[in-house]
Amino acid sequence: MEPVIVLVAVTGVLLVVGRIRVRPPRRPAVALRGGLAAMFLLTGGSHFVGMRPEMIAMVPDWVPAPELVVTLTGLAEIAGAIGLLWPRTVAAAATCLTLLLVVMFPANVNLALSGGSLPWWDELLPRTILQLVFLAATTTVAVDAGRRHRRGPRRRDEDVREPDAVRRGAR
């Protein structure tokens with residue numbers, strides 16, 4: 001439940017800050033990018049500190065080397081979070097995180113079907129809905145970044161016209 005709280009809270013704060021700034025507000029996808037980065041830093045860190053034993057237990061039996069898988073997915077989440085913060089890597093990071101969410105979903109299903117005493121948000125339906133929310137968020141950021149990349153960066157001097165003497169090559 002903490003990841004969705006972090007995603008919503010950080011995205012909300014960034015949206016509010018973007019609206020009250022003097023400059024025009026940033027696109028909502030930029031705020032969502034910040035929320036996802038915070039969420040994946042939290043979840044990636046939990047692969048190493050605090051929840052590591054629970055994460056290892058979530059890995060389905062058919063997956064070899066669960067400790068290694070948890071380590072690698074944690075590193076991938078942290079790298080993806082950092083990639084979301086660097087404009088040149090946003091599209092790739094969001095796309096890779098989307099794929100990572102899909103690949104890790106069997107662990108969520110395994111936890112939900114393990115039969116243990118779980119809080120309601122760890123049951124299969126709520127977990128699946130949360131996973132879809134996370135997938136929608138990463139996909140939104142990937143598509144937005146892809147669009148921005150195809151259009152190219154906006155030059156600051158687009159609206160500035162050169163004087164006639166400069167255009168004609170006058171010295």
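**Entry 1: the core**

Which residues have the most contacts inside the largest nonpolar core? I found that this core has 23 residues, and that those with the most contacts inside it are L36, F40, L84, F134 and V141. The elements that give two or more residues to this core are α1 (2-20), α2, α4 (66-85), α5 (90-112) and α6 (124-151). I noted that a nonpolar core is a set of buried Ala, Val, Leu, Ile, Met, Phe, Trp, Tyr and Cys residues joined through side-chain atoms within 4.5 Å. Buried means under 20% relative accessible area, exposed means over 50%, and partly exposed lies in between, with a 1.4 Å probe and protein chains only. As general background, nonpolar side chains tend to be buried together in soluble globular proteins.

**Entry 2: what I am looking at**

This is a predicted model, in which local features need pLDDT of at least 70 and side-chain atom pairs count only at pLDDT 80 or more, while totals for chains, interfaces and linings use all residues. Residues are numbered from 1 along each chain as its sequence is written, and side-chain values use heavy atoms, with hydrogens and water left out.

**Entry 3: the whole chain**

I looked up the elements of the protein chain and found 7 helices and 0 strands, where helices (H or I, at least four residues) and strands (E, at least two) are DSSP runs, numbered from the N terminus. Of the 171 residues in the chain, 35% are buried. Among the contacts with a separation of 6 or more, 64% are between residues 24 or more positions apart, a contact being heavy atoms within 4.5 Å. The accessible surface comes to about 11,300 Å², and 66% of it belongs to carbon and sulfur atoms; accessible areas come from the Shrake-Rupley method with a 1.4 Å probe, and for residues only the protein chains shown count as cover.

**Entry 4: helix α2 and its end**

How many of the residues of α2 are buried? The count is 14 of 19, so α2 is largely enclosed by the rest of the structure. From its first C-alpha to its last, α2 reaches 27 Å, close to the 27 Å expected at 1.5 Å a residue; the expected span is 1.5 Å times one less than the number of residues. S46 is found in this helix, which covers residues 28-46, and S46 counts as buried because its relative accessibility is 11%. Leaving aside neighbours within four places in sequence, S46 is in contact with M51, R52 and M55.

**Entry 5: L7 and F134**

I next followed L7, which is in helix α1 and is buried, with a relative accessible area of 6%. Beyond neighbours within four places in sequence, L7 is in contact with L32, G35, L36, M39 and F134. The C-alpha atoms of L7 and F40 are separated by 8.9 Å, although these residues are 33 apart along the chain. With its own neighbours within four places left aside, F134 is in contact with P3, V4, L7, M39 and L101.

**Entry 6: E77**

Is E77 buried or exposed? E77, which is found in helix α4, is buried, because its relative accessible area is 2%. Its contacts, leaving aside neighbours within four places in sequence, are F40, T43, G44, H47, L97, L100 and M104. From C-alpha to C-alpha, E77 and A37 are 9.0 Å apart in space and 40 residues apart in sequence.

**Entry 7: loops**

W121 is in the loop between α5 and α6 and counts as partly exposed, at 29% relative accessibility. W121 and M1 are 120 residues apart in sequence, yet 6.7 Å apart in space, C-alpha to C-alpha. Not counting residues up to four places away in sequence, W121 touches M1, P126 and R127. I then turned to A65, which lies in the loop between α3 and α4; its phi is near 50 degrees, a positive value in a residue other than glycine. A65 is partly exposed, at 42% relative accessibility.
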